[in-house]
Amino acid sequence: MKLLTFRHNGNTYIGAICEGGGKVLKIAEVGLNFNSMQVLIQNIMDSELELIRTATKTSEIFNTLPISDIEFLAPIRYPARDIICLGLNYADHIEEAARFNSKKFGINMPKAVYFSKRVHESVAPFGKIPRHSDICDSLDYEAELALVISKNARNVAAKDAADYIFGYTIINDITARNVQTAHKQWYFGKSLDGFCPMGPCIATVDEIGVEPALKIQSYVNGELRQNSNTANMIYKIPQIIEELSSAMTLQAGTIIALGTPAGVGMGFNPPKFLKSGDVITCKIEAIGEISNTVE
Ligand code: MG
């Protein structure tokens, strides 16, 4: 099932995409009322999720909207906490990053690289990315699969990880490379306002599983840049959840961005950084695509 946040006639709703993909069902149609996806994730019962799932398969008996009539918003517009990110989680991206700046990225890490990304407001799936030209001279994109935690997770064994995943979405981990590399920590260069396009939906875990093997791609102005598969991630989802939850609670609604494959702007010689008017499209099989224009 694919859940989404959308605007229609000036109002914001939580909904689900109906079977076939052409129609959207407001969850209020099945008697549910959550005022944001974050609240839904924190409170919804399995039986209520099942109610929505069933309705998407029998949508002819409900009031639905043509998908072309809605405006997609980021599924989680205001993440309750900073996004947890994996750095250097695809081998080919480690190589290109080290070629760009061996001092900052050319480190052999025996363990996963975790960092965080602050998101004031997630950018809509087809929204604008601010250029930040006052401090950024090297704006870059990173298509990433991101998971959303379903319930508070502490001491979760890898084999039980599926019980703690609500679903998956696409994130473009927009980065100001000069800001990222000017500081020892990546936090600031990853966290400027408008640096987290997200969406177009959350595909629930039952559709994708815990070891997803999904085609992941990005395009800039129609030119294929990243082209890989999420099966190529070095650190896998069950191990990541086990490791993090062994000593910190991952609260319901926590987003974990799982790293990006090769083909980002800094990977080219000379680098191909983003400029105003560029359109970046990130696609992941079974979830959909987001497409954002640089202001
Ligand atoms: Mg990233």
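Ile 284 touches Glu 144, Leu 145, Ile 170, Leu 214, Lys 215 and Ile 216, leaving out residues up to four places away in sequence; contact here means heavy atoms within 4.5 Å. This is a predicted model, where local features need pLDDT of at least 70 and side-chain atom pairs count only at pLDDT 80 or more, while totals for chains, interfaces and linings use all residues. Residues are numbered from 1 along each chain as its sequence is written, and side-chain values use heavy atoms, with hydrogens and water left out.

**Ile 284**
- You'll find Ile 284 in strand E17; strands (E, at least two residues) and helices (H or I, at least four) are DSSP runs, numbered from the N terminus.
- Ile 284 counts as buried because its relative accessibility is 2%; buried means under 20% relative accessible area, exposed over 50%, and partly exposed in between (1.4 Å probe, protein chains only).
- Ile 284 and Ile 216 sit 68 residues apart in sequence, yet their C-alpha atoms are 4.5 Å apart.

**The magnesium site**
- Glu 142 (OE), Glu 144 (OE) and Asp 173 (OD) coordinate the magnesium ion at 1.9 to 2.1 Å.
- The donor residues follow the spacing E-x1-E-x28-D in sequence.
- Donors are N, O and S atoms within 2.8 Å of the metal (3.2 Å for Na, K and Ca), and water is not among the atoms, so sites may look incomplete.
- Glu 144 is buried at 1% relative accessible area, Asp 173 is buried at 1%, and Glu 142 is buried at 5%.

**Thr 260**
- Thr 260 is in the loop between strand E16 (255–257) and strand E17 (279–284), and with 2% relative accessibility Thr 260 counts as buried.
- The side chain of Thr 260 makes a polar contact with the side chain of Gln 226 at 2.7 Å.
- A polar atom of the Thr 260 side chain also lies 2.8 Å from the backbone oxygen of Ala 143.
- A polar contact is a pair of N or O atoms within 3.5 Å; within protein, one must be able to donate a hydrogen and the other to accept it, and residues adjacent in sequence count only if both atoms are side-chain atoms.
- Leaving aside neighbours within four places in sequence, the contacts of Thr 260 include Glu 142 and Glu 144.

**Salt bridges**
- The count comes to 17 salt bridges, each being a side-chain nitrogen of Lys or Arg within 4 Å of a carboxyl oxygen of Asp or Glu.
- Glu 142 pairs up with Lys 190, with the closest N and O atoms 3.1 Å apart.
- Lys 190 is buried, with 1% relative accessibility.
- Salt bridges that share partners join Lys 117, Asp 140, Glu 142, Asp 173, Arg 177 and Lys 190 into one network.
- Asp 206 forms a salt bridge with Arg 53, at 3.0 Å between the closest N and O atoms.
- Asp 206 is in helix H7 and Arg 53 in helix H2 (residues 46–57), so this pair ties together parts that are 153 residues apart in sequence.

**Strand E1**
- Five of the seven residues of strand E1 (residues 2–8) are buried, so E1 is largely enclosed by the rest of the structure.
- Phe 6 stands opposite Tyr 13 in E2 and opposite Phe 72 in E5.
- Two residues separate E1 and E2 in their hairpin, and Asn 9 in the turn has a positive phi of about 50 degrees.

Notes: Pairing = 2+ DSSP bridges.
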